[in-house]
Amino acid sequence: MTDSSDTSDEQVSRSIGRLIVSAAFVVASPFFLAASLLGAAGSDMNIAAGDTSQALPHILLVVWVALGLVDLFREATTFFRAPAAPDSQGRSDDDPVLVLAIMAATVGLAVAIVFFGYMVPIVLILPLLLRLAGVRSLGGGIVAFLILGPGLWWLFNDGLGIRLPALLSGGMF
Amino acid sequence: MVDLTFLADVWAPATVVAMIVGTALGIIIGALPGLGSVVGLSICLPFTFGMDTVPSLALLLGVYCGSVYGGSISAILINSPGTPQSAATVLDGYPMALQGLAGKALGWSTASSVAGGLISCIVLIVAAPQLAHFATRFGSIEVFALILMALTCIAAVSRGSMLKGLSMGSAGIFLSLIGTDPVTGAARFTFGIQFFTAGLDLISVVIGLFAVSEAFTRLAQDGKNESVFSGVRLMLPSLSEWKGRIGNLLRSSAIGCFIGALPGTGAATAAFISYATAKQLSPRRDNFGKGEPDGVIAAESSNNAVTGSAMIPTLALGIPGDVVTAIVLSAMVVHGITPGVRLMSEHLDVVNAIFAVLVIINILMLILAFPIVRLFGKLLAIPESYVMTGVIVFSLIGAITVRGNALDGVVAVAFGVFGYALRRGGYPLAPFVIGLVLGPQFEENLRRGLLLSDGDILSFPTHSWIALVLFLVTAGLILFGPLQTLISGRFARSETARLSREP
Amino acid sequence: MKIITLAAIGVALSFSTSASAQTVEMIVPFSAGGGTDSVARVFEPGFSEALGQTTVIRNVAGASGTIGAAATADAANDGSTIGYLPIGPLAIQPSLRKTSYNADSFSYICQTTSTPVFLLEKKGSEMKSVKQWVERGKAKRIVYGSSGPGTIPHLAMAAFAATAGLKAVHLPFKGTGPAMNAMAGGEIDLFADTATVLEGNDVTALAVFAPERLKTYPDIPTMKELGYDLDFSVWQGLVAPKGLPKDLQQKYAEACQKAIATDRFKSLAEKTNTGIKYRGPDAFEAFVAENTKKNRKILAEAGLVK
């Protein structure tokens, strides 16, 4: 992890990335606030509860957005004064395409488990995940697949008696 | 003088095996990111039905104590706490490892864990009834004051930007309130989805935020960084290195002992409070967050001190302090022992056996730590692409098995993506976790306090002298901590970082 | 998407012979080590043996048991999934909040336990009887605790406060443990819970919410004797998703009856002061329907639902 190869362009794009994250983090709060005020968040389930149950969450959302906005303002002024400010926390050598692919595979795996149980998705997606992770050796990949896939399923379901989600309840998968 | 017949139970081969197996299993389960104390105990619970009373309690206590310590191994080696209890250990443990001091950091965490555990055993044996009765004086308003005090830790761990830390803290508390209102039972922020009425599971969120996002971060670099910690060996600190740190160890253990005795708080809370206290009081406070052994000592001694003292309300009053002690209690019930106020008089032999078992388990932890850390060192010698894929799969299984719900796996992964983005945005993760851990207790006690005082929050400090003291301390912490930093930050924006470190 | 689903199901079917023939999954809607789980784990071996089929427990925890109850209701009704559910998710929660299921979403197999609750106060309190509490509750505010909104301790106390006309404040806690801590510290005056709680804590029973005095506690008066016709008990039972074939329902009910007659189950019941109560499929279904109606009325009176 050497930073010597960093060009100023990379530093600028990193600063922009920081800004985007900050902005997204601030926007999340009004989203919840609006949802709650419009009744979309499901608070209408219990009429007798009144609004006491909403008071504290609303205060927290306001604190969140207020502090976030001040922070965003500070980030933005720093950015416009010096767009290529060195960033101590940034990891310059992340490959954005690769990380998005890994995230997509992981999210896909987690969502598929909800619908199809543990075994089928892991058999389909784990090889892809191992490949994306950078496993190049076939033997190693197969061993890792067998241990992390069917191996863990067997260990938990049969060895430890903790049921993992299955496609058919009581079934093999 | 003292009836020592219980020692026969403790030295029975079955008990000895149960202690060794339980402790080793606990450390390993704790160290695997994703699997924590609750999963470990759920795995062992069915086996205890066929065992005698003392061996089955030894197994469960071994898994419990071992897992609380084990979480620190992955906190230090892969920047992800194996359990939420070790979230505070990451703050200084991982920076130490990055400086090539992984073995040393593990040594500090091991020594502090064992010391904290043993200190809490002594407190449990000597003062359980007194402490349990003192703890009952903490009503909703007193606990609220305590939680408020703990929330000031958010400022203490906001590395980089105080503003980001505070907004992360409020976001954490907010997200912890999603689900069912603890007073009315109304559903909040569930968007009509039944799964959300159960709220977000703390363990799944912590797994995602730390372990999954760490896996994303490392895999994104496509094997460009060599694993630095392969073949790591545990190095215990020498006696001379303890010089000037004993006070911190004792204070943090005491905090852990007290928090553990309060039902419904827990090890993660204790670790953050001790960490923040140590950061205020340590002579090396400037170095906190950059790899300071004092930070590791504070976090690890206090979270392991909870393991012994969580048994205080359990044994003295029959009140389980948390999910873990509730499982231990249920194991007693299955073996025909009614836990409760009469436990100490009716089943003194079992209580004494528990005391002895807890002491032995803590010593076993010290012995077992060496081979298990070597084992993990060997595991990390495997190329990172395998290890990190394994971390993702274990995180998924861990999240899914906590409540037996596959949707918790999706939550973990979603927070993995969120955590990755926040790291890139320079946001500190610890304040968010503190908010999540303390949020529910904060709200519950506040709401109960308001019900008791007819909605008059201003009467809280005058409720009792305990409340008054706690509120005054909190006010002091805010005045001399975050407020000062914020004000000084406004006047000398470019020098915020330097000024905030001035005492 | 559909093709993947079909393919996946095809793969699964070709490997697993008829699912119902191998393992029965028993959903317990609370985590391992909880009160319901402890009973279910002792119930399970006897049930498996009587049925001649392996039964495995799956803990699906969260939201007062409603997540596990919903998982039971949503499962296939071929007998491969059953649920060991207590009163809360079955007869209270569907009234308290929007759940994806209600009492009609199940085929009822059997009731296993029924344990009455007691009115409890701190041991050594200067108040000696229900009458004294009622007098005090009419004069000034009294505080009662519960293990959460919509739990039996809450409902029993809410009904008592309403019937006796007390000025009472409800203080909910996360579980019985913290509530008992609050009672020891004097934050709450009254609490309602089972004999397990009575035996395990520094509390005294003032009355029992049952129609008749209990054999095990002959000195404790019933609420009815004291002029308040209140009957509250904590119960559990076995259900399956709606539409379970009649022959399976009968087979399971028979196995259930045998399971609660085993020595193991009886001795656990004795140790935990749990009352064994068998009701067959039809009686249990009628009981749940009637109990749901009653609880809904109390929730409405307590101002928790419309």
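Tutor: Exposed means over 50% relative accessible area, and buried means under 20%. This model is predicted.

Student: Is B:Trp465 buried or exposed?

Tutor: Find B:Trp465 in helix α20 of chain B. Its relative accessible area is 53%. The cut-off for exposed is over 50%, so B:Trp465 is exposed.

Student: Which helix gives the most to the nonpolar patch?

Tutor: Start with the members of this surface patch: B:Phe134, B:Trp465, B:Val469 and B:Val473. Together they have about 360 Å² of accessible area. One helix, spanning residues 465-480 of chain B, supplies three residues. The top contributor is helix α20.

Student: Is B:Ser395 buried or exposed?

Tutor: B:Ser395 sits in helix α17, residues 384-403 of chain B. Leave aside neighbours within four places in sequence, and B:Ser395 still contacts B:Pro33, B:Gly34, B:Ile207, B:Ala211 and B:Val212. Its relative accessible area is 1%. Buried means under 20%, so B:Ser395 is buried.

Student: At what angle do helix α6 and helix α19 of chain B pack?

Tutor: Helix α6 covers residues 140-151, and helix α19 covers residues 430-452. Their axes lie 8 Å apart. The angle runs between N-to-C directions, from 0 to 180 degrees. Here the angle is about 145°.

Student: Which residues of α19(B) does α6(B) meet, and what is the hand of the crossing?

Tutor: From α6(B), the residues involved include B:Ile141, B:Phe144 and B:Leu148. On the α19(B) side they meet B:Leu438, B:Gln441, B:Phe442, B:Asn445, B:Leu446, B:Arg448 and B:Gly449. As α6(B) passes α19(B), the crossing is left-handed.

Notes:
Residues numbered from 1 in each chain as written. Chains lettered and ligands numbered in written order. Predicted model: local features only at pLDDT ≥ 70, side-chain atom pairs only at ≥ 80, totals over all residues. Heavy atoms only, no water. Patch = residues over 30% accessible without salt bridge, like charges linked within 9 Å, V, L, I, M, F, W, Y side chains within 5 Å. Areas by Shrake-Rupley, 256 points an atom, 1.4 Å probe, with all protein chains shown as cover. Salt bridge = Lys/Arg side-chain N within 4 Å of Asp/Glu carboxyl O. Helix = DSSP H or I, 4+ residues; strand = E, 2+ residues; numbered from the N terminus. Buried < 20%, exposed > 50% of the residue type's maximum accessible area, 1.4 Å probe, protein only. Contact = heavy atoms within 4.5 Å. Left-handed = near helix turned anticlockwise from the far one by under 90°.
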